[in-house]
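Hi,

Here is the structure I promised to pass on. Have a look at it first, and then read my notes below.

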Amino acid sequence: MKQNQKFGLIGLALIALIAASGLLAINALSVQSSNNSLSVKSLEKIEKPILAEATDIVKEETVDIDKLKDRIPSTFEEAEALILPVRSRFLLYTKDLKHIMWGSFGNNHFVGVDNLGKRAWGIYYRGVFAGFYDGEFFWGKYSNGYWKAQNLFGLPQSYGQYTTAPMMTAITAAP
């Protein structure tokens with residue numbers, strides 16, 4: 001009984017967070033794959049490139065999935081170590097709220113845990129993200145609070161929304 005109440009409260013808190021963020025509209029992004037290449041023509045450039053060497057992976061028209069896969073750290077711990085001390089948090093969820101993931105990101109790397117206790121880690125760059133979820137490779141794209149991926153959460157295709165927030169830092173007052 002207490003566990004059902006716990007999950008009910010967590011669900012209500014997540015719904016309140018989503019509603020407060022004004023993220024109730026669902027907008028699926030199209031992902032088109034052919035010959036290990038992902039079309040990113042319709043994406044806006046979201047962030048300034050941090051990894052200069054990644055420009056050979058993400059170009060104006062396509063993404064080389066094989067090169068992207070080679071850049072992903074092999075373990076959760078390696079990815080976590082690559083996130084700089086100044087971290088940001090994310091909350092990512094599917095349109096039906098069956099799958100929810102939270103974690104931290106920075107320096108073009110992310111780590112997260114979902115509501116089933118499975119871990120994910122990987123990289124993101126210019127509207128494209130890729131990584132490993134419970135040891136299985138996934139990839140997709142994101143833009144303006146929406147995402148769509150292949151093989152994430154063990155599903156052939158999934159989509160939903162995400163929100164980000166900076167990590168809170170403790171500030172002490174001078175005496």
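Across the protein, the mean pLDDT is 74, and 61% of the residues reach 70 or more.

Some housekeeping: this is a predicted model, where local features need pLDDT of at least 70 and side-chain atom pairs count only at pLDDT 80 or more, while totals for chains, interfaces and linings use all residues. Residues are numbered from 1 along each chain as its sequence is written, and side-chain values use heavy atoms, with hydrogens and water left out.

Now the aromatic rings. A pair of them is described by the distance of the centres and the angle of the planes. Rings of Phe, Tyr and Trp (its six-membered ring) pair if their centres lie within 6.5 Å; planes under 30 degrees apart count as stacked, over 60 as edge-to-face and the rest as tilted. The structure holds 12 aromatic pairs. In one of them, the ring centres of Phe105 and Tyr124 are 5.8 Å apart and the planes sit at 80°, so this pair is edge-to-face. It links distant parts of the chain, with Phe105 in strand S5 and Tyr124 in strand S7 (residues 119-125), 19 residues apart. Strands are DSSP runs (E, at least two residues), numbered from the N terminus. Tyr124 has 11% relative accessibility, so it counts as buried (under 20% relative accessible area, with a 1.4 Å probe and protein chains only).

Tyr133 and Phe153 are edge-to-face too, at 5.4 Å centre to centre and 70° between the planes. Tyr133 is in strand S8 (residues 128-133), and Phe153 is in the loop between strand S10 (146-150) and strand S11 (157-166). Tyr133 is buried because its relative accessibility is 4%, and Phe153 is buried at 6%.

What does His99 touch, leaving aside its neighbours within four places in sequence? Phe153 is among its contacts, and so are Tyr93 and Asn115. His99 lies in the loop between strand S4 (88-94) and strand S5 (100-106), and it counts as buried at 14% relative accessibility.

Finally, look for Arg119 over the face of Phe76, 4.3 Å from the ring centre. A charge counts as over a ring if NZ of Lys or CZ of Arg is within 6 Å of the ring centre and within 35 degrees of the ring normal.

Cheers

Notes
Helices (H or I, at least four residues) and strands (E, at least two) are DSSP runs, numbered from the N terminus. Buried means under 20% relative accessible area, exposed over 50%, partly exposed in between (1.4 Å probe, protein chains only). Contact means heavy atoms within 4.5 Å. pLDDT is the predictor's confidence in each residue, from 0 to 100.
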